Amino acid sequence: MGKKTLYLKVTFIAILAVFLPYLIGLLVNLPQLLFVLLAIVSAISSVILLFWILKPLSKVSASVRMFSDGNLNKRVDIRTGDEFEEIGNSFNTLADKLSKTIHALENDRDIAISEKNKFNEILSSVIDGIIALDFNKNIIFINKASQQLIGLNEAEIYGKPIDQVMRLFSDNDEILSKTYCQGNFNQSAKLVGKDGKQTKVNLMTAQINGAVQTNLNCILILRDLSSEEELEQMKLDFVSMASHELKTPLTSIVGYLSVFLNEDRNKLPKENMDLLDKAFTAAQQLQTLIQNLLNVNKIEREQLSVSPEPVNYSAILSKTIEDLKGQAAQKNIILTLSVNDALPKVLADPIRIGEVITNLVYNAINYTDPGGKIDVSVKVLPDQVETTVSDTGIGIPAEAIPHLFSKFFRVSNQLQKANKGTGLGLYIAKSIIEKLQGKIWVKSAVGKGSQFSFTLPIVTQGIGMLNQGKFVSEAIQAGTLNY
């Protein structure tokens with residue numbers, strides 16, 4: 001139990017002030033005036049004693065004011081042995097606890113500020129633009145890269161609706177925040193910022209779920225593609241220039257070797273002719289590589305030319321397969337063609353479609369072990385012809401199939417002794433087939449072989465000229481038709 005001495009002191013003073021003059025008056029017969037003076041002196045003494053007893057209260061009050069003003073080290077020292085001492089001790093205990101709590105909070109605040117500054121520095125150094133939006137699509141964070149893309153500083157952007165600060169377009173259609181903030185979004189777009197500044201970017205967004213308390217709804221990541229496009233253009237220009245410069249002398253080398261091998265084959269020893277045959281084969285492979293690089297360059301620039309016309313597809317297949325039988329025979333591979341002589345005409349570019357067939361059969365030869373079989377078959381569908389190149393080769397892993405027609409992609413697996421080719425042939429074949437309004441695909445299993453198939457439209461009476469006109473019109477619009 002707490003002390004009760006303060007009550008006793010107050011009681012004593014009350015007795016002193018009220019009853020002491022009365023008791024003295026009873027014991028001693030005092031004149032009226034003297035009795036009044038005694039009462040006054042008693043009252044004044046009682047008030048003085050009362051002020052003296054309550055003096056610690058002013059110390060507590062002053063300490064509380066100083067503590068509330070920020071002097072967290074202020075303590076009160078009261079040793080009266082009564083309730084005021086208890087209050088003083090309680091104040092000191094409370095002050096100690098509050099001081100520790102405040103110091104801990106200040107320390108946590110300093111750490112939070114430091115982490116925030118560190119986080120802001122990290123985001124500011126990221127080369128990609130990062131923007132955070134609240135649930136009203138207002139900007140609550142933007143890093144320096146985003147400010148540079150938009151052309152405005154943070155003070156001009158912060159707190160404003162994203163659709164007022166920048167505009168995004170896909171072709172001629174505007175992309176609004178209600179579209180790209182509805183879920184995960186990944187698309188190339190044209191960003192229009194301050195004064196109509198335009199930049200090609202890749203926009204990726206992520207919707208933040210369960211962030212109502214932080215008022216964080218959507219995060220945008222903007223990657224500037226302008227420098228990548230410029231670098232890609234430089235690469236295309238270099239490949240085009242280098243390939244053209246190599247093509248002319250290499251054509252001469254292949255031509256001279258071909259003439260020499262045809263006319264003077266019996267004039268040199270067999271060992272010398274074998275070396276020349278190998279040199280001629282290597283020159284042809286290099287010539288094919290350069291031609292592939294040129295074709296890839298044209299595809300990237302959307303300038304790969306096709307000249308579609310009604311063609312005798314059966315004749316093209318027969319000639320192409322006949323030319324490749326020699327290479328198949330060198331590996332002891334049986335190459336067969338299953339085609340009906342009454343095959344309808346297809347709308348295609350005879351040179352380009354020959355390249356596609358050659359590429360598919362050449363790949364089948366490369367990836368089929370000696371003693372294997374390759375069959376080229378044709379199936380007539382209602383409005384198109386489907387060609388399939390089947391082999392008994394090593395097959396293709398399932399995880400590689402989705403990437404098989406990508407530029408420079410090459411399959412690598414344990415069944416394969418070496419990576420052959422440049423990874424360009426199938427990419428070019430796909431581009432040619434699609435330009436001819438066909439489709440190309442593959443079915444394969446490791447150890448069981450592969451089946452590459454593609455389709456070409458049939459030229460039918462009455463619509464053949466219409467289809468051909470459509471091809472020519474599209475080619476002219478794309479700027480890819482040769483004259």
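Biologist: Which side chain does Arg 167 meet in a salt bridge?

Modeller: The partner of Arg 167 is Glu 174, at 2.9 Å from N to O. A salt bridge here is a side-chain nitrogen of Lys or Arg within 4 Å of a carboxyl oxygen of Asp or Glu. This is a predicted model, in which local features need pLDDT of at least 70, side-chain atom pairs count only at pLDDT 80 or more, and totals for chains, interfaces and linings use all residues. Residues are numbered from 1 along each chain as its sequence is written, and side-chain values use heavy atoms, leaving out hydrogens and water.

Biologist: What is the relative accessible area of Arg 167?

Modeller: Arg 167 has 41% and is partly exposed; Glu 174, with 33%, is also partly exposed. That term lies between buried (under 20% relative accessible area) and exposed (over 50%), with a 1.4 Å probe and protein chains only.

Biologist: How many salt bridges does the structure hold?

Modeller: The structure holds 9. One of them joins Glu 434 to Lys 430, with the closest N and O atoms 2.7 Å apart.

Biologist: How many residues apart are Glu 434 and Lys 430 in helix H12?

Modeller: They are 4 residues apart, which means about one helical turn separates them. Helices (H or I, at least four residues) and strands (E, at least two) are DSSP runs, numbered from the N terminus.

Biologist: Turning to the sheet, what is the order of its 7 strands?

Modeller: The order is S2-S1-S7-S6-S5-S3-S4, in an open sheet with antiparallel pairing. Two strands pair if DSSP finds at least two bridges between them.

Biologist: Which strands stand at the edges?

Modeller: Strands S2 (139–142) and S4 (173–175) do; each has a single partner strand, so one side of each lacks a neighbour in the sheet.
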